[in-house]
Amino acid sequence: GRQSAEDAMSALSAGGLLTPDRIPDLLLNSQTFDRMSVGTFLRANPEHLEPYVTQQKFQGMMLPDAMRYFFSRVKFPSRQQVSSLGSVLRLIADHYLSCNPEVEIDRDT
């Protein structure tokens, strides 16, 4: 079975092999963790959510494609889906607009 992201990050951090600033990159680029494991980790460690979002490569994508791409890589536990989905969508939209400055969409739309 796959190792959970939480267990892996704890073990690597405790062993001095992983600094907090590298965690979002590892979550994004590792093939080791499934979508739910990444979402569970981000839910338990919200300080890593924004850095995780801002590492996404949304350049040249349409906004719906960027959102699909993001949610193809992370799945949040169902109890979080409603409670903080708005803040996750805001992070995605803000990062999307910073990646695509030529897109003229009102940030509040």
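Visitor: Is the crossing of H5 and H7 left-handed or right-handed?
Guide: Look at the near helix against the far one. Turned anticlockwise by less than a right angle, the crossing is left-handed; turned clockwise, it is right-handed. Here, H5 and H7 cross in the right-handed sense. The model is predicted: local features need pLDDT of at least 70, side-chain atom pairs count only at pLDDT 80 or more, and totals for chains, interfaces and linings use all residues. Residues are numbered from 1 along each chain as its sequence is written, and side-chain values use heavy atoms, leaving out hydrogens and water.

Visitor: At what angle do H5 and H7 pack?
Guide: First, the helices are DSSP runs (H or I, at least four residues), numbered from the N terminus. Axes are lines fitted to C-alpha atoms over the stretch in contact, and angles run from 0 to 180 degrees between N-to-C directions. H5 and H7 (residues 85–99) pack at about 125°, with axes 10 Å apart. Angles under 35 degrees are roughly parallel, over 145 roughly antiparallel, 65 to 115 roughly perpendicular, and the rest oblique. H5 and H7 are therefore oblique.

Visitor: Which residues make that contact?
Guide: Contact means heavy atoms within 4.5 Å. H5 brings Leu63, Ala66, Met67, Phe70 and Phe71. H7 answers with Leu85, Val88, Leu89, Ile92 and Tyr96. Nonpolar covers Ala, Val, Leu, Ile, Met, Phe, Trp, Tyr, Cys and Pro; charged covers Asp, Glu, Lys and Arg; the others, Gly among them, are polar.

Visitor: How many aromatic pairs does the whole structure hold?
Guide: Rings of Phe, Tyr and Trp (its six-membered ring) pair if their centres lie within 6.5 Å; planes under 30 degrees apart are stacked, over 60 edge-to-face, the rest tilted. The search finds two pairs. Tyr52 and Phe70 are edge-to-face, at 5.9 Å between centres and 70° between planes. This pair joins distant parts of the chain: Tyr52 sits in H4 (residues 49–54) and Phe70 in H5 (residues 63–73), 18 residues apart. Phe70 also meets Phe71, with centres 5.0 Å apart and planes at 90°, so this pair is edge-to-face too.

Visitor: Is Phe71 buried, partly exposed or exposed?
Guide: Buried means under 20% relative accessible area, exposed over 50%, partly exposed in between (1.4 Å probe, protein chains only). Phe71 is partly exposed at 23%. Tyr52 is buried at 0%. Phe70 is buried at 0% as well.

Visitor: What does Gln56 touch?
Guide: Gln56 lies in the loop between H4 and H5. At 2% relative accessibility, Gln56 is buried. Leaving out residues up to four places away in sequence, Gln56 touches Leu28, Tyr69, Phe70, Arg73, His95 and Cys99. The C-alpha atoms of Gln56 and His95 are 8.3 Å apart, across 39 residues of chain.

Visitor: How do H1 and H3 cross?
Guide: The axes of H1 (residues 5–14) and H3 (residues 35–44) come within 8 Å and cross at roughly 60°. That makes H1 oblique to H3. Ala5, Glu6 and Met9 in H1 meet Ser37, Val38, Phe41 and Ala44 in H3. The tally is five nonpolar, one polar and one charged.

Visitor: Which elements cover the buried residues of H3?
Guide: The buried residues of H3 are Ser37, Val38, Gly39, Phe41 and Leu42. Their cover includes H1, H2 (23–29), H4 and H5.

Methods
Helix = DSSP H or I, 4+ residues; strand = E, 2+ residues; numbered from the N terminus.
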